[in-house]
Amino acid sequence: MMDLSSISPILLLASIMAASTPILLAAIGELVVERAGVLNLGVEGMMITGAICGFAIAVNTGSPALGFLVAALGGAGLSLLFALLTQVALANQVASGLALTLFGLGLSALLGQGYVGIKPPPTPRLDIPVLGDIPFLGPVLFSHDLMVYLALALVTAVWAGLKYSRAGLVLRAVGENHDAAHALGYKVVRVRVLAIAFGGACAGLGGAYLSLVRVPQWTEGMTAGAGWIALALVVFASWKAGRVLLGAWLFGGVSVLQLNLQAAGVALPVEYLSMSPYLITILVLVIMSADRSRAPASLARIFHASQ
Amino acid sequence: MTLKTILTGATVALGLAAGAVIPAQAQDDKTKVGFIYVGPIGDGGWTYEHNEGRLAVEEHFGDQVETVYQESVPEGADATRAITQMALNGADLIFTTSFGYMDATLAVAEKFPDVKFEHATGYKTAPNLSTYSARFYEGRAIQGHIAGKMTESNIVGYIASYPIPEVIRGINAAFIHARKANPEVEFKIIWAYTWFDPAKEADAATALIEQGADVILQHTDSTAPQAAAEKAGGVVTFGQASDMAEYKPFPRVSSIIDDWKPYYIARTQAVIDGTWESHQVWDGIGPGMVAIGEITDAVPAEVKQEALALKDAIASGEYHPFTGPLKKQDGSDWLAEGETADDGTLLGMDFYVEGLDADIPQ
């Protein structure tokens, strides 16, 4: 019963956008954190905290926009705990990050107890006049919800900011050699705390996109590993914003595409279809990283001004 | 950063996680009952119902019994660690509540001959390891009937988890009865390769709906497909493993509810009395291990009557959901007119029945 015509390209692309956005948001945030020389393994915990904060606020106020805002604040708030541990108390970043994930999962389960089975207010899709009416391109490019465009704008801003702005240069300097950056008078800890908070806010937004748009509901543990995928994406994307975008689209795209191919009864073994998102994303990004890209030199190293 | 640092960090964090849910000390006069869950309690489905069973044990026995549990334990090597940890912490009886824990449970059971183990939905036993499962396929037959009657597009979407006999049995039972109710009906099946991943379950439901399905059956644990159906509008769903009553009266029009409470209480009592013996239990609607949740008014009255009649016939043993004549997918004969399937074939089911247009993943 192979019937590819039953797959609507317009609906498929919309689903791909919805599937890519959470990991794209979380990954672009983590990219900034890692470029500042900090490894925060708490992405999963910050995402799920954002998912419940955003959901609860959106349900209580009826405003998804406010939900997203509070999700970002929630994710950033949780990440500041990590900042306190690693930048002030100089704790091990790996252990602190893992603990943050566990804490976030537990905290979100606690916060979410009253929110099971509730339907959130719908996040409206933008209805751009004229542009949205263009056949095919209109529905594909111009009829998503605001968060999709915000995520893309964020990727562009991070790319341009890191590459062209003075703040980006300082951030990269801190990530490459924190002792030299310190000697030059840059506030290493302050830069890193800000980067960590930015990463937390992005992860929170990604989580809220799951609970408010993609699923949309609150379920305990609903991120189900999305944070870890975002983390892996940053590494495979060689810490480059453009490749993170490519990787998120590939992963989200192939994930949704393979489900559609299964439903259409395509004569490919399901087990290969099922592993295809991981295989294709890793393969493409690994091939691209043959250009000797490397991790920020100070990644996960503890900085103390006396050293 | 060395590998050692990472591993130390991971070990510390996991130790913290395990310690958080397993109270450290058990008093010797109390019977300690442990539960290993594949998802979070808040999944609203499979794990939620197992936890309801645990709470029933606590309530029934009061101070006599202490229960412990660990959530979201991955199937595979990590399960061995979690089960061992529970046995080391003094559990007298451990329920491992997912098919994928089978080999891990068997391995730990061999190491702890004095601890009793109960594995859900598996088939490997030992002197101190029982298996228990419910005849979910009886409920699937009723869902299939309602699905066949209610679909207007004649496309029923099915979100399957892993290609194991239990899931294949459910697909067959639902399909046979959907076809009986509506000879035009087709099934579109997606294998999610997960028990619990709300985002993926929602994506699968959305993909099926976009390809024309107006009824979604799920064999995954979360309520995400219900939310996706509600978002799409006009799509019928069924609660899986738990009532999923939050989505009543529509999209959720009925449900299969797993009721583990009486079983968990009986087995705990057996351990207290010292009468526990290894066995294999497989109960259905009749004994009450499988319940059918309220059929809502979204279902036409006539269809509801038929579904309830089917339920009564299955409960009384008058009708078996796998009754011949039935052929296998390849056209070969399986059951002759009036013949019913034996439990052995059902427990190892690795084939589709005739009419299903799909392949089972290897």
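Modeller: Keep in mind that this is a predicted model. In chain B, the C-alpha centres of domain 1 and domain 2 are 30 Å apart. Domain 1 covers 3-134, while domain 2 comes in two pieces, 136-257 + 289-347. Where they meet, 14 residues of domain 1 of chain B contact 16 residues of domain 2 of chain B. On the domain 1 side, helix α2 (residues 46-61) of chain B gives the most, with four residues. That side of domain 1 is made up of six nonpolar, six polar and two charged residues.

Now for the packing. The largest nonpolar core has 204 residues, and helix α9 (residues 188-214) of chain A gives the most to this core, with 16 residues. Both domain 1 (3-134) and domain 2 (136-257 + 289-347) of chain B give residues to this core, so it lies between them. Among the residues with the most contacts inside the core are A27(A) and I190(B). Leaving out residues up to four places away in sequence, A27(A) touches A230(A), L233(A), V234(A), V244(A) and A248(A).

Then there's the contact between the chains, which takes 45 residues from chain B and 42 residues from chain A. On the chain B side, the elements giving two or more residues are α1 (3-21), β7 (186-191), α7 (198-210) and α8 (224-232). Here α7(B) gives the most, with nine residues. Sorted by class, the chain B side that touches chain A has 23 nonpolar, 13 polar and nine charged residues.

How values were computed. Residues numbered from 1 in each chain as written. Chains lettered and ligands numbered in written order. Predicted model: local features only at pLDDT ≥ 70, side-chain atom pairs only at ≥ 80, totals over all residues. Contact = placed C-beta atoms within 7 Å. Nonpolar A, V, L, I, M, F, W, Y, C, P; charged D, E, K, R; others polar. Domains from an automatic or database assignment. Core = buried A, V, L, I, M, F, W, Y, C linked by C-beta atoms within 7 Å. Buried ≥ 20, exposed ≤ 12 C-beta atoms within 10 Å, placed from the backbone.
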